[in-house]
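Keep the structure open as you read.

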Amino acid sequence: MNSLYSLIFALLFAHGANAVEFKVREGVDFSKLDKYQKIYSLPYLASRIHNVFQHPTLDKDEIGKYLKWGEAGLTIMANPNEEPALAIKTNYFLEYGGHSAPTESVNCFKKSRNPFRPLKGLKVALDPGHIGGKFSKLEKKYVLMDGGRIDFNEGDLNYYTALKLKLMLERAGAEVFMTRGKESAALGSFDDWFSIDKNIMDAYDSWRLAKFGAHKDAEGRLADIALFKAERETTFYVFFGREEMRKRADLINEFNPDFTLLIHYNGYPGEYNRQGVQTRKTRDEHGQNVGTNTQNYNMLFVPGSFMKNELNEKHTQFHFLKLLLDNKIIDGSIDLCTDLLGSVMKKFKDLKTADYGDPYYTADVSLPIVKKDGQQLRGIFHRNLDMLRFLNAPSCYMELFVQDNFEEAEILNTNNAKLKQHRVPKKILNVARSYFKGIKKYFKAKTCK
Ligand SMILES: [Zn+2]
C-alpha cells in the first residue's frame with residue numbers, strides 16, 4: 001500500500017467532518033437542542049454515550065476530551081484546533097434532568113384508509129449509493145473479473161434496486177424521494193465542480209481537520225491543494241465523494257422523510273483475520289479485482305460509534321448531540337432496520353448475517369447493538385458514516401452480499417430481468433421486493449395511537 005492509498009483507505013473507514021457550505025454545516029444551531037434541557041440524568045447520558053457512541057479501540061478518551069461532566073450539567077468543548085484563538089471555549093451546556101430512559105417511542109404511521117394505497121402518507125427517501133456508470137472507475141466501485149467477462153459496478157446495482165423499490169412504494173401510495181438519477185451526482189457535474197478552486201480548497205480544509213484534527217499553514221495548504229488538483233482521480237475519490245454525501249444528506253433532510261434507506265452492495269479489498277491481518281487480497285489500490293472473496297454475508301449500519309477526530313468540528317458536535325438526545329433517530333433506526341434485515345434474510349436464506357468482529361473491520365469501525373437480554377443483534381451495527389450522522393430521521397445503511405465473492409459476482413453480472421427499458425440482474429429486483437415487503441409489514445404494525 002502506498003502512503004496516499006493508505007491515507008484514503010483510512011479515510012474511508014473513518015468518515016470525518018466537513019467544512020463546505022452545505023446545510024449540514026450551516027444548520028448548526030445549538031439552540032435547536034434546547035428542548036432537551038433538564039430532561040436526561042447524568043447516568044443515562046453517560047451510559048448512552050458509552051453504549052452507542054464511544055468506540056473503544058482507537059482512543060478511549062476520544063469523546064471524553066470534548067466533554068466536561070459537571071454537577072449540574074454537561075459541557076461540550078470546542079476543538080482548539082478549529083478555533084485557535086479560543087483555547088477553551090464552550091459550544092453547548094446541557095443541564096441534567098431526571099429521566100433515566102429514552103422519553104419518546106419510535107416510528108409510528110397513521111394508517112391509510114385506502115386499501116389500494118396502504119402506504120399513503122408514508123414518506124421514504126432512497127439513496128442509491130455512489131454514482132456508477134462511467135464514474136465507477138473514478139469512485140473505485142466496480143467489479144472486473146475473469147478477464148473482463150464479469151464487469152459490473154455497484155452504483156448501477158444500487159440505482160436499479162432503488163428504482164424498482166421506488167416504483168413499488170409509489171404504487172402502494174408512499175411518497176418517495178431519490179437522491180440521484182442514473183449515473184448522476186446530486187452535486188452535478190464533477191468536471192464543473194473540479195474547475196472551481198474554492199470547492200477543492202474548502203473540501204481540503206474540512207478533510208484535513210477531520211483527518212488530523214488541525215489545519216495546515218497557508219503554504220503547506222497550497223502545496224497540498226496543487227498536488228490534489230494534479231490528481232483528478234484522487235480529488236474525485238477523496239473530496240468530491242465526501243461533498244456529494246453532504247449534499248445528499250441536505251436533500252434528504254429537506255424532504256423530511258419518515259425514514260431513509262441507503263442502498264449498497266458490499267465490496268471489500270480483502271479478507272482479514274480477527275487480529276486484523278489481511279489473509280486474502282481481492283482488490284488493488286485502483287479498486288481493480290486481483291482476487292475473489294470467499295465469504296458472503298449481509299449486514300447493515302445505523303448511526304452511532306464516533307471515531308477519532310470525529311468531534312473536531314462544531315457541526316459534528318451538533319449532530320452528535322442531536323443523535324444522543326433525539327432517541328427516535330437511533331432507536332427508530334434499530335427497530336426498523338432489524339425488521340428489514342429479517343425480510344431480506346427470509347428471501348435469501350442461504351446467506352448468513354455478519355457477526356460483530358467477523359468480518360474483522362466491523363469491530364474496527366462499528367459498535368455492536370446489545371438487546372435488553374444482553375444478546376447482540378446479528379448483522380446490525382452502529383457506525384458513524386457521514387450520511388447516517390447527518391440525517392434527522394431513522395435510516396438503514398444496507399450492505400448486502402459481497403460483490404467480490406465469485407459466485408455472487410456471477411449472479412450480479414447476469415442481466416436476466418427487465419426493469420423499464422433496462423436489462424438488470426433478477427437478484428437485485430428480488431432485493432427490492434424484500435425491502436418493499438419488509439417496509440409494508442413494518443409500517444402496518446406501527447399504527448400511531
Ligand atoms: Zn457502497
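## Helices H10 and H14

In this predicted model, helix H10 (residues 327-347) and helix H14 (residues 426-444) have axes that come within 8 Å and cross at roughly 135 degrees. Because of that angle, H10 counts as oblique to H14. The crossing of the two helices is right-handed.

Which residues make the contact? On the H10 side they are Leu336, Asp339, Leu340, Gly342, Ser343, Val344 and Lys347, and on the H14 side Asn430, Ser434, Tyr435, Lys437, Gly438, Lys441 and Tyr442.

## Helices H6 and H8

Now find a second pair. Helix H6 (residues 197-212) packs against helix H8 (residues 232-255) at an angle of about 90 degrees, and their axes are 10 Å apart. That angle is why H6 is described as roughly perpendicular to H8.

Here Ile200, Ala203, Tyr204 and Trp207 of H6 meet Thr235, Val238, Phe239, Arg242 and Glu243 of H8. Sorting the residues of the contact of H6 with H8 gives six nonpolar, one polar and two charged.

In soluble globular proteins, nonpolar side chains tend to be buried together. In this model, the largest nonpolar core has 81 residues, and the ones that touch the most other members are Val124, Leu126, Leu300, Cys337, Met387, Cys396 and Tyr397. H14 gives this core its largest share, nine residues.

What is Leu126 in contact with, leaving aside its neighbours within four places in sequence? The list is Ala162, Leu165, Lys166, Val176, Met178, Leu261 and Ile263. Another core, of ten residues, lies apart from the largest one, and its members include Ile200, Leu209, Phe236 and Phe240.

## A closer look at Ala354

Finally, look for Ala354, which sits in the loop between strand S13 (352-353) and helix H11 (361-365). Is Ala354 buried or exposed? Ala354 counts as buried, because it has 21 C-beta neighbours inside 10 Å and the cut-off for buried is 20 or more.

Not counting residues up to four places away in sequence, Ala354 touches Tyr297, Asn298, Met299, Pro359, Thr362 and Gly379.

Notes:
Residues are numbered from 1 along each chain as its sequence is written. This is a predicted model: local features need pLDDT of at least 70, side-chain atom pairs count only at pLDDT 80 or more; totals for chains, interfaces and linings use all residues. Axes are lines fitted to C-alpha atoms, for helices over the stretch in contact, and angles run from 0 to 180 degrees between N-to-C directions. Helices (H or I, at least four residues) and strands (E, at least two) are DSSP runs, numbered from the N terminus. Angles under 35 degrees count as roughly parallel, over 145 as roughly antiparallel, 65 to 115 as roughly perpendicular and the rest as oblique. A crossing is left-handed if the near helix is turned anticlockwise from the far one by less than a right angle, and right-handed if clockwise. Two residues are in contact if their C-beta atoms, placed from the backbone, lie within 7 Å. A nonpolar core is a set of buried Ala, Val, Leu, Ile, Met, Phe, Trp, Tyr and Cys residues joined through C-beta atoms within 7 Å. A residue is buried if 20 or more other C-beta atoms lie within 10 Å of its own, exposed if 12 or fewer, and partly exposed in between; C-beta atoms are placed from the backbone. Ala, Val, Leu, Ile, Met, Phe, Trp, Tyr, Cys and Pro count as nonpolar, Asp, Glu, Lys and Arg as charged, and the others, Gly among them, as polar.
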